Amino acid sequence: MSQSRVPQCSPRRVAEQTSTEPASSSAQGDFASDESDQETPTSAAMQEQQQKLSAGVGVRYITDALVLRVARRQDPVTVTAVNLSGRSDERKIRFIENLDRLKNLQSLNLSYNIIEKMEHLEKLTRLRELNLSHNRIARIDCLESLTQLQVLNLSGNLIGSLPAALGRRLKCLRTLLLSDNQIDSHSRPYILFCLPGLAQLDGRPVSPAERADADARFRQDEADRLRAQLEEAEFSADELRAQLLTYEEEVGALSEQVDAALEQQAEGEQEREELLQQLRLKDGLVRFNCTLGLEGSSGLYCRTRG
C-alpha cells in the first residue's frame, strides 16, 4: 500500500451515490445505472476481480463508431452522454482515447473497465459528470481543464493521495466518490480542505462544522508548508546565484584564454607572412644570380668560339 501525505487508517465503506444536480437526465441515468443494486465490493473482492480481469479478458477500444452507436447519434458534436461501462461486457476498455471530437459531452461513464491512466480528457471542457470507478487508476491526473466538472466518481481504484492543487481548477466540483481506494477515512478533512466547494464526499453531505474543522486543521499546516517551500526556493535561488557567479568567472577566464590564443594566432600569421616574404626575396635573388650566371657563361662561350 502506497503512503499518502495525509494520515492513514482503514478504508471507509460507503454507498456510492451521484450528484443531486445532474447535467442532464440521460447523463444521470448513465451514472446511476452502474452504482445501484449492488454492494460496493470489499478490497479483497476488488483484488479478486482485478485478477480475473487480468487472466485473459478481451480488450475493447473506444472508437468513433462505438461512441456514436452507444449514444445513438450520427454526429459527435451532438453527443452529450456516453456510457461505456464494462460492468456487463466481457471485453474491457484499457485506454481512454478518441474522445476529442465530443465537444459537447457532459457525462462520461467508463466504470468497471481496466483503465490504468487518466488521459486524453483535456478537450472535454464541458464535462460535468465523470465516472471512472472500479478501474486500476493509481493517480488522479489530467483534470485541469475540466473546469465545469460537478461529479467525479473514482471509487474502487488504487489511488493513494489527492493532489493538493486539485481544488484550484475544479471549482465547480460538488460530489466526489473516493471510497475503496488506498486513501483512508482520516483523509476526509484534508480532501474537504483541498476542495472547498465540495458538497458531498463518499455519499455523505459536507456539514458547515466539518468544513470549519478542516479549514482550522489544515490552514496552518498549509501555511507552514508554503513557508517551507518559500525558504527552500530562496535557498535554491542563493545556490543558483553562487553558481552563476562561478560560471561568470569561468567564462571570463575562458575568454582571456581565447583572446590569448587569437593573439598568438595573429602573431603566428604575421611571422609566417614575414617568412614567406623572406623566402620570396631569397628565391628572387637566387633566380637573379642564376640568370646572371647563365648570361656570363654564354658570353664566355661566344668569346671562346670567336
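Visitor: What makes Tyr190, Phe193 and Phe218 one aromatic cluster?

Guide: This is a predicted model, so every value here is computed from predicted positions. The structure holds 2 aromatic pairs. One joins Tyr190 and Phe218, with ring centres 5.2 Å apart. The other joins Phe193 and Phe218, at 6.0 Å centre to centre. Rings pair when their centres lie within 6.5 Å, so both distances qualify. Phe218 is in both pairs, and the three residues form one cluster.

Visitor: Why is the pair of Tyr190 and Phe218 called edge-to-face?

Guide: Look at the planes. They stand at 70°. Over 60 degrees counts as edge-to-face. Therefore the pair of Tyr190 and Phe218 is edge-to-face.

Visitor: And what is the pair of Phe193 and Phe218 called?

Guide: The angle between the planes is 35°. Stacked needs under 30 degrees, and edge-to-face needs over 60. The pair of Phe193 and Phe218 is tilted.

Visitor: Which helices do these pairs link?

Guide: Tyr190 lies in helix α5 and Phe218 in helix α6, so their pair ties together parts 28 residues apart in sequence. Phe193 is also in helix α5, and its pair with Phe218 in helix α6 links parts 25 residues apart.

Visitor: How do you know whether Phe193 and Phe218 are buried or exposed?

Guide: Compare each value with the cut-off. Buried means under 20% relative accessible area. Phe193 has 17%, so Phe193 counts as buried. Phe218 has 8%, so Phe218 is buried too. Tyr190 is likewise buried.

Visitor: What makes Arg188 and Glu210 a salt bridge?

Guide: Their closest N and O atoms are 2.7 Å apart. The limit is 4 Å, between a side-chain nitrogen of Lys or Arg and a carboxyl oxygen of Asp or Glu. The pair of Arg188 and Glu210 therefore qualifies. Arg188 lies in helix α5 (residues 188-194) and Glu210 in helix α6 (residues 208-305), so the bridge ties together parts 22 residues apart in sequence.

Visitor: What makes the contact of Ser155 and Asn153 a polar contact?

Guide: It joins their side chains at 2.8 Å. The limit for a pair of N or O atoms is 3.5 Å. Ser155 sits in the loop between β6 (151-153) and α4 (166-169). Its relative accessible area is 0%, so Ser155 is buried.

Visitor: Why is Asn113 called buried, and where is it?

Guide: Its relative accessibility is 0%, so Asn113 counts as buried. Asn113 is in the loop between β4 and β5. A polar atom of its side chain lies 3.0 Å from the backbone oxygen of Ser111.

Visitor: Which residues touch the most other members of the largest nonpolar core?

Guide: Leu108, Leu130 and Leu143 do, in a core of 49 residues. The elements that give two or more residues are α3 (64-71), α5 and α6. α5 gives the most, with 5 residues.

Visitor: Which residues of α3 are buried, and what covers them?

Guide: The buried residues of α3 are Leu66, Val67, Leu68 and Ala71. Their cover includes β1 (58-60) and β2 (81-83). After α3 comes Arg72, with a positive phi near 55°.

Methods. Residues are numbered from 1 along each chain as its sequence is written. This is a predicted model: local features need pLDDT of at least 70, side-chain atom pairs count only at pLDDT 80 or more; totals for chains, interfaces and linings use all residues. Side-chain values use heavy atoms; hydrogens and water are left out. Helices (H or I, at least four residues) and strands (E, at least two) are DSSP runs, numbered from the N terminus. Buried means under 20% relative accessible area, exposed over 50%, partly exposed in between (1.4 Å probe, protein chains only). A polar contact is a pair of N or O atoms within 3.5 Å; within protein, one must be able to donate a hydrogen and the other to accept it, and residues adjacent in sequence count only if both atoms are side-chain atoms. A nonpolar core is a set of buried Ala, Val, Leu, Ile, Met, Phe, Trp, Tyr and Cys residues joined through side-chain atoms within 4.5 Å. Contact means heavy atoms within 4.5 Å.
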